[in-house]
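Take a walk through this protein model, one part at a time. Keep the sequence and the structure in view as you read.

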Amino acid sequence: EAGSTMGNRLQRIKVENTEENRRQFREILFTVDSSINQSIGGVILFHETLYQKDSQGKLFRNILKEKGIVVGIKNQGGAPLAGTNKETTIGLDGLSERCAQYKKDGVDFGKWRAVLRIDNQCPSHLAIQENANALARYASICQQNGLVPIVEPEVIPDGDHDLEHCQYVTEKVLAAVYKALNDHHVYLEGTLLKPNMVTAGHACTKKYTPEQVAMATVTALHRTVPAAVPGICFLSGGMSEEDATLNLNAINLCPLPKPWKLSFSYGRALQASALAAWGGKAANKKATQEAFMKRALANCQAAKGQYVHTGSSGSASTQSLFTACYTY
Ligand SMILES: *[C@@H]1O[C@H](CO)[C@@H](O)[C@H](O)[C@H]1NC(C)=O
């Protein structure tokens, strides 16, 4: 995560958001036993993390590569979208040069997040079109520099809308994204999609089962994402660790056609237990790594539809990780 995002995480466990504290937590995660590579295939680094080292002076990115884990970079730069009700788009200035440098520094994929909000008049047609085009230009620039783009159009869970409305909006957004990727000559086989799951808004009073979330999600994907796309890695948004795992499992058990690999690209839902176990103390390294490994394994099983909930999860794993208008 970016420094400011880490700040939100560290605040929850009352640890100061300094570069050194961020580095220490990352070191604990990255030096976990190499069997983690059976559950995690890639890590999206923030610019700071790409050039950060462990306490022995070894670059984090090399620690990851030695485990057979692919290194990616999170691009930054949201911008207000003029003429809308506080909607945003993504900026592309200098992206090509940065991608070329990252490639030289051992990065193999990129990720860029566009944010779409559900509200009275939102997302507007303008915001959907503009973000789809920007994501497509970003994807094209990545590919021209030898990076695999992860395309992330996130419909955020803020609001009280129901599951059906989220599905409707998600379909509109994804359809626009794949039209734009085609317009921009992006090679779909060399991309990954990182979408939201279709869920009801955070403030919706009606609750839905993982099976209902799965059916709405796979239906939306089936209607809009070409089979040429090899993989879809869901973001966890504000879901608790356990919900993110249960929903992914249900998605993989959903009886609709699923021509893509359906996996995870979780931030919050992979680290909440680990952060709670760490609490900013080096002495908690082992417990932190165990908590991290446990979530990684659970999601690895869920990505195959083989997760069995044991009912023994710690409290951190069932806590909502929702942050209003989540930015990073
Ligand atoms: C996982 O790590 C082990 C130990 O470093 C290594 O032997 C193995 O090849 C790695 N697996 C993958 C898939 O990279």
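Helices (H or I, at least four residues) and strands (E, at least two) are DSSP runs, numbered from the N terminus. Two strands pair if DSSP finds at least two bridges between them. This is a predicted model, in which local features need pLDDT of at least 70 and side-chain atom pairs count only at pLDDT 80 or more, while totals for chains, interfaces and linings use all residues. Residues are numbered from 1 along each chain as its sequence is written, and side-chain values use heavy atoms, with hydrogens and water left out.

Start with the sheet. It is open and has 7 strands, in the order β1-β2-β5-β6-β7-β8-β9, with parallel pairing. β1 (42–45) and β9 (261–264) stand at the edges with a single partner strand each, so one side of each has no neighbour in the sheet. Look inside at β2 (residues 70–74) and β5 (residues 109–116). They pair in the parallel sense over 3 bridges. Here Ile-73 stands opposite Gly-110 of β5.

Now follow the chain past β5. The loop between β5 and α6 (125–144) holds Pro-123. A cis peptide bond joins Cys-122 to Pro-123, with omega about 0 degrees. Most peptide bonds are trans, and most residues other than glycine have a negative phi. Lys-14 is not a glycine, yet its phi is positive, about 60 degrees. Lys-14 sits in the loop between α1 and α2.

How do those two helices meet? Helix α1 (residues 3–12) and helix α2 (residues 19–30) pack at an angle of about 80 degrees, their axes 11 Å apart. Axes are lines fitted to C-alpha atoms, for helices over the stretch in contact, and angles run from 0 to 180 degrees between N-to-C directions. α1 and α2 are therefore roughly perpendicular (65 to 115 degrees). Gly-3, Met-6 and Leu-10 of α1 make the contact (heavy atoms within 4.5 Å) with Arg-22, Phe-25 and Arg-26 of α2.

Last comes a pocket: on a 1 Å grid over the protein atoms alone, an open set of points where a 1.4 Å probe fits, with protein on both sides within 12 Å along at least five of seven lines. The second largest pocket is lined by 29 residues (an atom within 4 Å of a point). Thr-199, Ala-200, Met-239, Asp-243 and Asn-247 lie nearest its centre. β6 (148–155), α8 (210–224) and α9 (241–253) each give two or more residues to this lining. α9 gives the most, with 3 residues.

Definitions and conventions:
Angles under 35 degrees count as roughly parallel, over 145 as roughly antiparallel, 65 to 115 as roughly perpendicular and the rest as oblique.
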